[in-house]
Amino acid sequence: PQRRVEVGDSVEVTVVGASHLPKANLIFGTIDPYFVLKMGSKVRKTKRLKNTVDPVFGDAFTLNVEAGDDALHLTLKDQEIIGSNKAVAECTLTLADLSAAGGRLDRNLELLHHGVPVTGIDGSTAVVHLQVQHA
């Protein structure tokens with residue numbers, strides 16, 4: 001059954017982990033991954049993990065739905081020691097998709113770079129594992 005996500009509702013998001021990430025630093029052959037979550041004006045970040053292509057985060061966030069919010073955007077970033085942190089990949093979960101799933105999702109979302117699926121060093125498509133619940 002569809003459960004519509006509306007203004008004033010809250011959405012609970014857990015970034016469980018990710019798999020098959022690319023090694024973003026070509027010099028050192030590593031990635032120090034973290035995710036930036038954005039819904040409307042709200043921005044949250046997972047913890048940063050060091051040198052792993054299969055991170056386990058388990059970071060949970062509650063986001064309140066405001067007027068104009070239509071999707072949850074995730075950006076995979078690589079923590080850099082020098083310079084700015086680099087965006088490696090991204091994905092989007094629309095609130096309409098969450099509603100259509102009955103208000104609860106537990107799935108892997110494909111990570112994209114400029115609309116193209118990102119592949120890890122093992123040749124598999126990079127994914128982020130999300131658990132999302134309309135509260």
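1. In this predicted model, the side chains of His134 and Asp9 are joined by a polar contact of 2.7 Å, where a polar contact is a pair of N or O atoms within 3.5 Å, of which, within protein, one must be able to donate a hydrogen and the other to accept it, and residues adjacent in sequence count only if both atoms are side-chain atoms. His134 belongs to strand S10 (residues 127-134), strands being DSSP runs of E with at least two residues, numbered from the N terminus.

2. Is His134 buried or exposed? His134 is buried, because its relative accessible area is 4%, and the cut-offs are under 20% for buried, over 50% for exposed and in between for partly exposed (1.4 Å probe, protein chains only). Leaving aside residues up to four places away in sequence, His134 touches Arg3, Arg4, Val5, Asp9, Ser10, Leu98 and Gly103, where contact means heavy atoms within 4.5 Å.

3. A search of the whole structure finds 1 aromatic pair. The ring centres of Phe35 and Phe57 are 5.8 Å apart and their planes stand at 80°, so this pair is edge-to-face; rings of Phe, Tyr and Trp (its six-membered ring) pair if their centres lie within 6.5 Å, and planes under 30 degrees apart count as stacked, over 60 as edge-to-face and the rest as tilted. The pair links distant parts of the chain, with Phe35 in strand S2 (residues 33-39) and Phe57 in strand S4 (residues 56-64), 22 residues apart. Both Phe35 and Phe57 are buried.

4. The structure holds 5 salt bridges, a salt bridge being a side-chain nitrogen of Lys or Arg within 4 Å of a carboxyl oxygen of Asp or Glu. One of them joins Glu6 and Arg4, whose closest N and O atoms are 3.6 Å apart; Glu6 counts as partly exposed at 42% relative accessibility, while Arg4 counts as exposed at 61%.

5. Another salt bridge, of 3.7 Å from N to O, brings together the side chains of Lys42 and Glu66. This pair links distant parts of the chain, since Lys42 is in strand S3 (residues 42-45) and Glu66 in the loop between S4 and strand S5 (71-78), 24 residues apart. Lys42 is buried, with a relative accessible area of 10%, whereas Glu66 is partly exposed at 36%.

6. On the basis of the note, residues are numbered from 1 along each chain as its sequence is written, and side-chain values use heavy atoms, with hydrogens and water left out. Local features need pLDDT of at least 70, side-chain atom pairs count only at pLDDT 80 or more, and totals for chains, interfaces and linings use all residues.

Conventions
Helix = DSSP H or I, 4+ residues; strand = E, 2+ residues; numbered from the N terminus.
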